[in-house]
Amino acid sequence: MNRALEAFAKVNRSLLVLGKRPDGFHELDTLFQTIDLSDELLFEEDDRLTLSVAGEEIPADGTNLVLRAARALSERTGPAPGARIRLVKRIPVGAGLGGGSADAAAALLGLNALWGLGLTREELGSVAASVGSDVAFFLFGGRARGTGRGERIEPLPDAPDESLVLLFPPFGMPTPDVYRSLDTSPLPVPPRRGPAGKAPPDRNDLEAAAERLRPELAALRASLRAAGASPARLSGSGSTVFGVFGSREEAHRAAESLDGRGGVRAAVTRTLSRADWSRRALPWRTEGASAPEALR
Ligand code: C5P
């Protein structure tokens with residue numbers, strides 16, 4: 001029997017880089033928000049572990065985060081049965097929308113249910129963090145604060161729905177390059193952290209670093225602002241730039257005027273509440289199995 005999960009993308013509504021750590025990673029304080037753009041994963045019982053990919057051109061080999069997540073899970077729980085996993089890719093790759101990480105988290109959720117492992121979300125969270133810095137967020141969805149490398153997740157109550165325009169440039173941004181560009185640049189203007197108890201500053205500290213590598217990203221943010229967005233931000237390390245609009249109609253008008261300019265694709269989306277996310281991203285319930293119960 002085929003079982004399906006949706007793996008939703010995120011934007012970073014804000015992203016503060018607090019410093020560089022001895023392990024080479026950067027200490028972050030970021031606000032993740034699920035958006036209504038998703039990949040799909042289909043799971044079937046099988047005696048071998050295999051992956052096939054449709055949609056974008058990405059490798060379906062051991063480097064794919066879905067298989068890395070599956071391996072990390074069976075390392076944690078002991079030898080597991082196989083699974084045939086089919087991934088339908090719709091989230092652009094190298095886009096700062098967390099597509100690969102969302103797929104990895106969906107693999108953990110799906111295999112936990114398929115294999116009846118019964119791991120809680122917190123237990124899956126530690127496996128997720130070993131796969132990538134932002135994989136753990138995609139086990140919770142909605143709106144959440146990420147600290148540490150981004151792997152320490154504090155789920156937050158939903159904010160009012162927002163209409164967004166996403167601009168996809170015709171190139172991706174390799175995350176390590178953007179962090180390297182940040183390390184060789186002057187620090188952002190102080191104060192680097194908001195006063196205790198106040199809302200964190202609304203900015204993305206990777207923006208300047210990414211825009212040094214790709215100056216056209218700054219022009220894209222300016223074009224969103226000119227079309228009425230407030231704010232207009234880079235998501236994660238890019239390359240996607242997003243703008244927040246006052247209504248869905250305004251977002252559609254802006255997307256129509258920006259789509260196709262300089263090879264950039266524009267799309268309208270909206271933020272997704274944790275409840276909406278849960279309905280579409282959490283596993284099926286298996287009779288008698290404790291896994292889905294543990295995930296409530
Ligand atoms: O953990 P993940 O594989 O997603 O990280 C990709 C790269 O992004 C890391 O190798 C590192 O260069 C950079 N990174 C970082 N600090 C973070 C997260 C990622 O420097 N908090």
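Predicted model: local features only at pLDDT ≥ 70, side-chain atom pairs only at ≥ 80, totals over all residues.
**Entry 1**

I began with the strand order and found an open sheet of 4 strands, arranged as β8-β9-β7-β10, with antiparallel pairing. The edges are taken by β8 (232-234) and β10 (265-270), and because each of these has a single partner strand, one side of each is left without a neighbour in the sheet. From one strand to the next, I noted a twist that averages 25°.

I then looked up how β7, residues 163-168, is held on the β10 side, and I counted 6 bridges between these two antiparallel strands. Within that pairing, L167 has A266 of β10 as its bridge partner. On the sheet packs helix α7 (residues 248-258), which touches β7, β9 (241-245) and β10, and whose direction makes about 170° with that of β10. Further along the pairing with β10, V165 is bridged to V268.

Turning to the other neighbour of β7, I found 5 bridges to β9, again with the two strands running antiparallel.

**Entry 1: is β7 open or enclosed?**

My next question was how many of the residues of β7 are buried. The count is 6 of the 6, so this strand is largely enclosed by the rest of the structure. In a regular strand the side chains alternate between the two faces of the sheet, and I therefore checked each face in turn. S163, V165 and L167 lie on one side, L164, L166 and F168 lie on the other, and all of them are buried, which leaves both faces of β7 covered.

**Entry 2: α1 against α2**

I moved on to the helices and took α1 with α2 (residues 99-114), which pack at an angle of about 40° with their axes 8 Å apart. The two helices are therefore oblique to each other, and their crossing is right-handed. On the α1 side the contact is made by L65, V66, A69, A70 and L73, and on the α2 side by G100, S101, D103, A104, A107, L108, L111 and N112. Sorted by class, this contact of α1 with α2 holds 9 nonpolar, 3 polar and 1 charged residues.

One of the α2 residues in this contact is A107, and I looked it up separately. A107 counts as buried because its relative accessibility is 0%, against a cut-off of under 20%. Leaving aside residues up to four places away in sequence, A107 touches L41, F43, V66 and A69. The C-alpha atoms of A107 and A69 are separated by 6.6 Å, although the two residues are 38 residues apart along the chain.

**Entry 3: α1 against α3**

Helix α1 (residues 65-77) also packs with helix α3 (residues 121-131), at an angle of about 130° and with the axes 9 Å apart. That angle makes α1 oblique to α3, and I recorded this crossing as right-handed. The residues that meet are L65, R68, A69, A72, L73 and R76 in α1 and E123, L124, S126, V127, S130 and V131 in α3. By class I have 7 nonpolar, 2 polar and 3 charged residues in the contact of α1 with α3.

**Entry 4: cis peptide bonds**

Most residues other than glycine have a negative phi, and most peptide bonds are trans. Against that background, I noted where the model departs from trans geometry. The bond from S230 to P231 is cis, with omega near -5°, and P231 is placed in the loop between α6 (216-226) and β8. A cis peptide bond also joins G238 and S239, where omega is about 15°, and S239 is found in the loop between β8 and β9.

Technical notes:
Residues numbered from 1 in each chain as written. Heavy atoms only, no water. Pairing = 2+ DSSP bridges. Axes fitted to C-alpha atoms, helices over the stretch in contact; angles between N-to-C directions. Contact = heavy atoms within 4.5 Å. Parallel < 35°, antiparallel > 145°, perpendicular 65-115°, else oblique. Left-handed = near helix turned anticlockwise from the far one by under 90°. Nonpolar A, V, L, I, M, F, W, Y, C, P; charged D, E, K, R; others polar. Buried < 20%, exposed > 50% of the residue type's maximum accessible area, 1.4 Å probe, protein only.
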